[in-house]
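Visitor: Could you walk me through this structure and show me how its features are read?

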Amino acid sequence: MCAETGRPSRVALALLLAVALLPACSGPEYSRAAEEPEIDSPALSTRLDSKDIDLALAEWVNQLARSEFVKGLPPGKPGIAILSFENATSEHISGALDTLLTAAETQLVQSNLFHVVDNTTIMRDAVLAERLRDAGDAVDKETAAALGKEFGIQYFVAGRVWDTTEKSDDVRRVQYHIFLRVTDVATLQLMHQTRVDVTKQENY
Amino acid sequence: MRAALLGLLLTAGCYAPANVRAEPYQRAFYRGHPDRAADMLQQRLDEEGSSPDRDVLRLELASALVAAGRDADASALLVDADDELETLDYTRAPLDTLAEWVFAREPKPYRATRFERLLVNAQALLGFLVEGQAQEAAVEARRARVLLLQSGLPDDERYASVLIWALAGVALQHAGARGEADDAFRSARELCHDDPARLSALDALQSPPAAGQGSLLVVVQNGRAPVRAQAIVRLWVDHALRRVQFPALVARPGGYARIEVEVDDALAGVPVPLLDVGAQALRRYDDELPRLLAAALVAAVPRAFASDAVARAIRHDDDHHHDTTRDVLADLAGFLTGELLAEALPADTRCWTLLPAEFRVLRVPLLPGAHRVDVTLQDSALGAPPRRVEWQVDLRQGELAVIDCVTAVEEGWADVQAPGEQDLTHTLAGQQALELLHAAD
């Protein structure tokens, strides 16, 4: 009898089970970086993330500001445009490169050294956009002349990201090499080139 | 008497050959409804989002989407799958790892073979090419290259694929990465020396369109790849019979022997087979078999203990003296226990079933403008009537139009018979399995 009274009732057991299962039934939880800054830090894939883009951009801006090219700029604000960032890697990073392009444009505007023609304006010209796509980072004289004539651009920036990727049984390492170069529209002379390296690794 | 009874039991207990279990989406796919198959798969994924089958269902869905002409959806899905898909290398993984994954008591998340992993990139590459997304196709080409050149693997264990190198070459060339493209074509060429038909196909694949022309690439995914099916094998290990289930690879009939491409009612060419998925998978399976058998035995050890324990418990019951009938009954009980446990613990036979058996490829120059392209399919291995699949192509100068034709849809459903029960003790694979097992002790 005593043993019977000491045993938890079925209702109590069901309640206990429901409480135990409750956390498992709740949906995903969300965080805000403004409140939890550490959520921006970890690398979640071998692709380029916001932190990689910021680091690459900071390095580019730093090298560009100290370059002979910027020191020797003629008076007034010469026109400049960023044409493209080509993805020559084994990662689907086109979205990240679009972000990098826009962020680089922002930096150029904020430097107050150039008159910046935004990439969207140039790519709206379908004929020119196709010529630029075909040319990749090797823009020919005619296309360069068209850029100067139609958009008042004296310099253009083209970027290309290469990678060296290796895989073993337990590791996949992607070494990105981001090249950014500034070219003179009139002479097609390379005025400045920067290389920024970013390495990401996936451990199995 | 004991031997006779055991012999009788083995004969009676022999696994009756049956058909490999078919999923409704597979029947829909092969009966000409890849879109319906895609809907069924999507519904299952929606309902069983966190199921251990999720990754393999996504691969199946990608194939259904490709066959339904939804290449953009398929490529996006394959990119996601590639990020999350884990690989299990049947030829190199330690036996206990294989035992843990292939012979698990509870269903585990799907782990793809290295070959399937490579085909994830190949199919995504193809999908991006069909969609005209050259840069994304080039990314997949590079991802495939990383797998093809995977460090840490001896040369003879790497997958050498003319098709994947060649498609990578086309994608990289189209994306403007000419140096990388040349390297890829060189690698493809090295794999098919002494094969004039394939070398000639590679020449055509590497030729960019001449001035004022475009070009047409036709990829035909023909037939159906082998699938894994439950098989039961017997092996004598240390004078005891062990009966285990394991995932046998079974070839499936299907595919058209004669495939031609016509452009505007004129013969444009005959696609050349560049990858025999079926033959490559079956060859690889021969290498895998001893390890799979050994892993099956590793996984079977607890079951063997159970059946031996039952036999021992009956034979050595203290209440009885030695009795031949009792010994026979003990063997019988032990055998039946092992039998029940073998039936109750099947091996993992999940695989990417909607893959083709082979890929055939043709690239021809084409003048800019609107064209009708027909792929004609004749001499079906399943007796399906000849078919003509039509596409409309509007080609611009310098462009590459890509057609991806999956022949298995509409060729009809065909049952596949599972392999019968076999005693592999005296086969080469069985002996190698036993050596592996002893080496692992």
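**Strands and their partners**

Guide: Seven bridges join strand β3 (residues 214-222) of chain B to β12(B), and the two run parallel; strands are DSSP runs of E with at least two residues, helices are runs of H or I with at least four, and both are numbered from the N terminus. Two strands pair if DSSP finds at least two bridges between them. Within this pairing, L217(B) has V402(B) in β12(B) as its bridge partner.

Visitor: Before we go on, how are the residues and chains labelled?

Guide: Residues are numbered from 1 along each chain as its sequence is written, while chains are lettered from A and ligands numbered from 1 in the order in which they are written. This is a predicted model, in which local features need pLDDT of at least 70 and side-chain atom pairs count only at pLDDT 80 or more, whereas totals for chains, interfaces and linings use all residues.

Visitor: In what order do the strands of the open sheet with mixed pairing lie in chain B?

Guide: The order is β8-β9-β3-β12, an open sheet of four strands. Its edge strands, each pairing on one side only, are β8 (272-276) and β12 (400-406) of chain B, and the twist from one strand to the next averages 20°.

Visitor: Which other strands of chain B pair with β10(B)?

Guide: β6(B) pairs with strand β10 (residues 369-380) of chain B in the antiparallel sense over seven bridges, and there V263(B) has V373(B) as its bridge partner. Nine bridges join β10(B) to strand β11 (residues 387-395) of chain B, again running antiparallel, with V375(B) opposite V389(B). The hairpin of β10(B) and β11(B) has six residues between the strands, and in this hairpin G383(B) takes a positive phi near 75°.

**Helices**

Visitor: At what angle do the axes of α9(B) and α10(B) cross?

Guide: Axes are lines fitted to C-alpha atoms, for helices over the stretch in contact, and angles run from 0 to 180 degrees between N-to-C directions. The axes of helix α9 (residues 162-174) and helix α10 (residues 178-191) of chain B come within 8 Å and cross at roughly 160°. That makes α9(B) roughly antiparallel to α10(B), a term for angles over 145 degrees.

Visitor: What kinds of residues make up the contact of α9(B) with α10(B)?

Guide: Two residues are in contact if their C-beta atoms, placed from the backbone, lie within 7 Å. Here residues of α9(B) including W165(B) and L172(B) meet residues of α10(B) including F185(B) and L191(B). By class, this contact has ten nonpolar, three polar and two charged residues; Ala, Val, Leu, Ile, Met, Phe, Trp, Tyr, Cys and Pro count as nonpolar, Asp, Glu, Lys and Arg as charged, and the others, Gly among them, as polar.

**Between chains, and confidence**

Visitor: How many residues does each chain give to the contact?

Guide: Chain A gives 14 residues and chain B gives 13 residues. On the side of chain A that touches chain B, the largest share, three residues, comes from β3(A), and by class that side has one nonpolar, nine polar and four charged residues.

Visitor: Where is the pLDDT of chain A under 50?

Guide: pLDDT is the predictor's confidence in each residue, from 0 to 100. It stays under 50 over residues 1-6 of chain A, for which the model has zero contacts beyond four places in sequence. Where pLDDT is low, the predicted coordinates should not be read in detail. Chain A averages a pLDDT of 83, and the mean for chain B is 85.

Notes
Angles under 35 degrees count as roughly parallel, over 145 as roughly antiparallel, 65 to 115 as roughly perpendicular and the rest as oblique.
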